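Visitor: I have a structure open on my screen and would like to talk it through with someone. Could you take me around it, one topic at a time?

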Amino acid sequence: GTVFDAGSGVDTVLVNGEPALVLDDGRFTAWVDLKEGVTLVQVVATDEDGNEATDTRAVLQGTFVPAETPVENAAAARVNDQTLAAIGDIAAEVITGTDLGAAIQPFNPMLDKGFSCLNVQLSVDDVQKSMVVIDLVPTWGGISVSADVYDLAVPMTADFEAVCIDGSAGVELTASRFHMEGTMLLSVDANDRLAADIQMAQAFFEDFNLDVGVIPGSVIELFYADIDDLVAGMLIGQISEKVPAMIEQQFGGFGIEKSVTLYGMDVDFAVKPVSVDFTPQGGTVVLDSRIEVKGEAVVSGPGYLSTPASLPLMPSSEAPGDGFRLALADDVLNQALSAFWAAGVFEQSFAAGADSDVGLAALVDRVDLTMPFPPTVAAQAIGAAASVTAGDLRLDVIRIDPATGEEQVVTALALSAEIDPR
């Protein structure tokens, strides 16, 4: 840069607090370390009388990718046992209120066994219960599922043939408790959605009883050894269908693609899960994202500042009440800010005439806000502030000479701000 003083002469020039080399003709040089994103360069010149003049400029540097490029490892969503316990309670309420008897009618007869003149078809009429309890607990590789169905009663109809004579009678299975446990595994399917599936399910009945009524013994022998496993398999099937569906529904927001209108512009927003991992401390879903603004007002720009990271980090400890956490990569915000910058959101002009709302009509005619490049976000260490920098944000306060029509620009400034995400 160049510095001069017509009075006492230049004493010192500091660039970001460090002395610059000043030549006799007023030119000065200094080395400034540039960070990823916007680096503010502040020059403070002091003359021999102690007067100061300050000028701040911004330099944007880094790796830029096309605006429409998805952000990899854009976010990490974490759920712990508190979140899963709440989902388990919701699933239990849903199953308690579900007519399981009606749900399994399409699968009747539950058993069809025998041969000519000695056979039986067993069909479920209803499934009665008082309460269902579902416990979901994070574990290695998935979610441990424990389900209890209390005061179970399963009335059935047995249509049979014994010694070539047809017959029909009622059968009822009862138990004070049906218990099932298994492991729910989660993965990302071919449609970029989270898929859940219960595997290795095991079950047992407490206080099991089977009332077979008046059915010939030869017919009872056809189903007695199998009926507990058949009813258990039916209940496991219903729980294994509804509980994973509840998990998929609750986590469904992790895979979305939408177009919305914002400030008169079309904004495409997409998020998709790429991996899911569970430990006894909780589960982490890693997401990719993309934000793109479309329309005639969008201009070609440098793209967005990309600082790829393996994974957005968050504290490993779980504080009380922290059932859900979300960590965002700074690239997500940089893509959004770059997209809106390209659409002209940061280019604004405010008339200051008699009918304007600016309130400066007596002093100025117009206020223009311009930004030569998009704001950038730089993430800091966990728990620290994230800096948001808008370099060379220019605010032009314009007065128009009524005689010549000449515009006079009053000022320009550069702005740096920090926000604390805690």
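Visitor: How do β13 and β14 pair, and over how many bridges?
Guide: Strand β14 (residues 194-206) pairs with β13 in the antiparallel sense, over eleven bridges, where strands are DSSP runs of E with at least two residues, helices are runs of H or I with at least four residues, and both are numbered from the N terminus. Two strands count as paired if DSSP finds at least two bridges between them. This is a predicted model, in which local features need pLDDT of at least 70 and side-chain atom pairs count only at pLDDT 80 or more, while totals for chains, interfaces and linings use all residues. Residues are numbered from 1 along each chain as its sequence is written, and side-chain values use heavy atoms, with hydrogens and water left out.

Visitor: What else does β13 pair with?
Guide: Strand β13 (residues 165-188) pairs with β12 (residues 142-162), antiparallel, over 19 bridges, and Ser146 stands opposite Glu181 in β13 there. Their hairpin has two residues between the strands, and Val163 takes a positive phi near 45 degrees in it. Strand β15 (residues 209-211) is also joined to β13, by three antiparallel bridges, with Asn209 in β15 as the bridge partner of Thr174.

Visitor: Remind me, what holds strands of a sheet together?
Guide: Strands of a sheet pair through backbone hydrogen bonds, either parallel or antiparallel.

Visitor: OK, over to the start of the chain. What is the strand order in the open sheet of four?
Guide: The order is β2-β1-β5-β6, and the pairing is antiparallel. The edge strands are β2 (18-19) and β6, each of which pairs on one side only. Two bridges join β1 (residues 10-15) to β2, and Leu14 stands opposite Pro19 in β2.

Visitor: And the second largest pocket, what is its volume?
Guide: The volume of the second largest pocket is about 350 Å³. On a 1 Å grid over the protein atoms alone, a pocket is an open set of points with protein on both sides within 12 Å along at least five of seven lines, a cavity is a set of points where a 1.4 Å probe fits but cannot get out, and lining residues have an atom within 4 Å of a point. Grid points are joined across faces, edges and corners, and a volume is the space filled by probe spheres set on the points.

Visitor: What lines that pocket?
Guide: Its lining has 16 residues, of which Gly1, Thr2, Phe28, Val43 and Asp55 lie nearest the centre. The elements giving two or more residues are β4 (28-29), β5 (37-47) and β6 (52-61), and β6 supplies the largest share, four residues. By class there are ten nonpolar, four polar and two charged residues, counting Ala, Val, Leu, Ile, Met, Phe, Trp, Tyr, Cys and Pro as nonpolar, Asp, Glu, Lys and Arg as charged, and the others, Gly among them, as polar.

Visitor: How many cavities of 30 Å³ or more are there in the whole structure?
Guide: The search finds one cavity of 30 Å³ or more, and the largest cavity has a volume of about 30 Å³. Its lining is made by Phe64, Gly303, Tyr304, Leu305, Asn334, Ser338, Pro374, Pro375 and Thr376, with β19 (304-305) and α5 (330-342) each supplying at least two residues. Five of the lining residues are nonpolar and four polar, with no charged residues.

Visitor: Changing topic, where is the cis peptide bond?
Guide: The cis peptide bond joins Asn108 and Pro109, with omega about -5 degrees, and Pro109 lies in the loop between α2 (100-104) and β9 (111-115). In the loop between β9 and β10 (118-124) you will find Cys117, whose phi is positive, near 75 degrees, in a residue other than glycine.

Visitor: Last one, what does β22 pair with?
Guide: Strand β22 (residues 366-370) is joined to β21 (residues 348-351) by four antiparallel bridges, and Gln348 stands opposite Leu369 in β22. Five bridges, again antiparallel, join β22 to β25 (residues 394-400), where Val367 stands opposite Val397 in β25.
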